[in-house]
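Please look over the sequence and the model below before reading on. The paragraphs that follow go through one chain, then the contact between two chains, and then part of the other chain.

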Amino acid sequence: MTTATTTTTRRRRPPVPVLLLIPSVVFMTALFLWPLVVGIGQAFLGEDGPTLEFVRRMVDDPHFWPSVGNTLLLLVVLIPLQFAFALAMALLLRAKPRFSQVYFYLWVVPLAVSDLCAGLVWLAVFTDQGYLNSLLDLLGLPTYPWLSFASYPTMFLAVLVAELWRATSLVLVIVVAGMQSIPRDYEEAAEVFGATFWQRLRHVLLPQLRPSLQVALILRTILALQTFAVAQALTGRDFPLLVGETYQWYNLLQNPNVSAVLALVVLALSMGTAVVYLRVLRDRTSTEARP
Amino acid sequence: MTPADTPAPHKPARAGRGRGARWRAVGVQLACLAVTAFMFAPVYLVALAALSTPESLNRFPLSLLPTDVSVETMASFLTMGGVLPAFVNSLIVGVGTLVLSVLIGLPAGYALARYVFAGRDAYQLFMLLTRALPIVVLSVPLAQLFLTTGLYDTTYAVILLHTALALPTTVLITSAVFVGVPRDQEEAAQIFGATPVQAFVRVVLPQALPGIAAAGLFTFVTSWNEVLGAAILTLDRRTLPAQVLSTLGASPLTYRFAGGFALIVPALVFVALMRKYLLSMWGTTLR
């Protein structure tokens, strides 16, 4: 038995995966590693040698710390909401309601919507003379300057709602695709044995969905750290986010050096979370792969 | 087969829960409608804004029903220089990115899913690192490189950038897809004399196709939605989002609503086209 397994593993010679990986490695090295090296140079090399001048300029900018805070706050609030929402939507579809195909179509429309577009769409809702205030006015309620600089909570709410609307579809599609591969038999069996809905969700469906959820989690976290055009379209620079600041420094202030430092901050945040996720993911899957 | 032929143990259970099941179906419908309202209301409202006359958009409160329908706002947006060519550029870049990233990413995803080899973790970390890299940090040096090679301000430049952006995602998704395809069947096919390539094409690919379609979809959408890099790497050959972003600064609200609508219409069409494809792929869940 054991000899049979070892021969099959030995038949998988290393050159095959290497050949399969070479195109992507070459491509990514040319288009990522090289620019990354140049970018690090831009961030830390001044006219006369290594310098921290650009780091200092970044930190001294009054928008910097708010943008760090906003980016992290958005991430921490958005991701759990988004996954709960996507999971609820996927479960509704799995219950096979009538018109489920129509619902699915309408729910995945934001999948093809850019964050710039989402910002513009929700601008029509939240702007001072927009549809939300029009509705409040028609109902005889007082209107509110949702996107005003003086009203931080509603600015945050507007960005949060727009992002929730736009990016949940991505999670939904991954979860639905994952659910498709889960046979209903398990749930039905659990139901026959008297498991409640929550028990079935917790102990039958979610464990089998874990690979899909992990993919979605990594993707969404890294993308959420790079959010900027939503806030840009809704609030301009009143609700600064890290990548938005990078854009400001590069485009408007014409300073690629500080912009490179800011980009490295986002990179550090993304890599930090990615490494944590990857470690957790790998440990769990490897222990489960060998029962 | 009549209902009477169904296995006996199921019948009392189903009959006993008949009313509960009906209430549950109503609840599910109501929840679906609530989600649909949230997901679709913004689309309706931006369409309403973009298809109203500029004068009616200056009134307050705005009408929530289409009372002043006009193409005036949209027409003035679409006839602005560069908007239509930008739409074509977006299409070219999106399709180019999809093809290139699936061609390069699929083998890598398969390798990650099927083989244990030295450097596997390093490769995965490398891919995550590249995915985590903010686009500005590579766009600026890339603009320099493309300027010297004559690729600057072409759709090829943007295709290369977007493929670099989308490739790690493609590899991640396809590898997750291939993990989901049982290895036993592939090995069985090889035992019965299929070459590895034949086993892959005949056994693995059909099962992996829905996931690969999803990966392709995400790739296209990633490219379609990318604003910043496209704006930096091009001047005249802008993609649609880059075009809208670059002209956004000093534009009136009506222009922004029209821009939002112009960006969302292709999205609606795109998902509608993909819908049949996706539903035939994912039909098991949704039928």
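In this predicted model, the C-alpha centres of domain 1 and domain 2 of chain B lie 35 Å apart. Domain 1 of chain B covers residues 21-75, and domain 2 of chain B covers residues 81-246. The secondary structure of chain B consists of 14 helices and 0 strands, so that, read from the N terminus on, its elements run α-α-α-α-α-α-α-α-α-α-α-α-α-α. Of the 287 residues in chain B, 46% are buried, and among the contacts of chain B with a separation of 6 or more, 73% are between residues 24 or more positions apart.

How far the coordinates can be followed is a separate matter. The model scores ipTM 0.80 and pTM 0.78, and chain B averages a pLDDT of 80, with 86% of the residues scoring at least 70. Among the elements of chain B, helix H5 (residues 83-114) has the highest mean pLDDT, 90, whereas helix H14 (residues 283-286) has the lowest, 30. Two stretches of chain B call for caution: over residues 1-16 of chain B pLDDT stays under 50, and the model has 1 contact beyond four places in sequence for them; over residues 279-287 of chain B pLDDT likewise stays under 50, although the model has 19 contacts beyond four places in sequence for that stretch. Where pLDDT is low, the predicted coordinates should not be read in detail.

Turning to the contact between the chains, 80 residues of chain A are in contact with 81 residues of chain B. On the side of chain A that touches chain B, helix H2 (residues 15-44) of chain A gives the most, with 14 residues, and the residues of that side of chain A divide into 62 nonpolar, 14 polar and 4 charged.

Within chain A, UniProt places the feature "domain: ABC transmembrane type-1" at residues 68-277, in an unreviewed entry. The end C-alpha atoms of residues 68-277 of chain A lie 21 Å apart, and the span is 78% helix and 0% strand.

One element of chain A can be followed residue by residue. Helix H12 (residues 242-252) of chain A is mostly covered, with 9 of its 11 residues buried; these are Leu242(A), Val243(A), Gly244(A), Glu245(A), Thr246(A), Tyr247(A), Gln248(A), Trp249(A) and Tyr250(A). After H12(A) comes Gln254(A), whose phi is positive, near 55°.

Key. Residues numbered from 1 in each chain as written. Chains lettered and ligands numbered in written order. Predicted model: local features only at pLDDT ≥ 70, side-chain atom pairs only at ≥ 80, totals over all residues. Buried ≥ 20, exposed ≤ 12 C-beta atoms within 10 Å, placed from the backbone. Helix = DSSP H or I, 4+ residues; strand = E, 2+ residues; numbered from the N terminus. UniProt positions renumbered as here; feature names shortened; annotations may be inferred. pLDDT = per-residue confidence, 0-100. Contact = placed C-beta atoms within 7 Å. Nonpolar A, V, L, I, M, F, W, Y, C, P; charged D, E, K, R; others polar. Domains from an automatic or database assignment.
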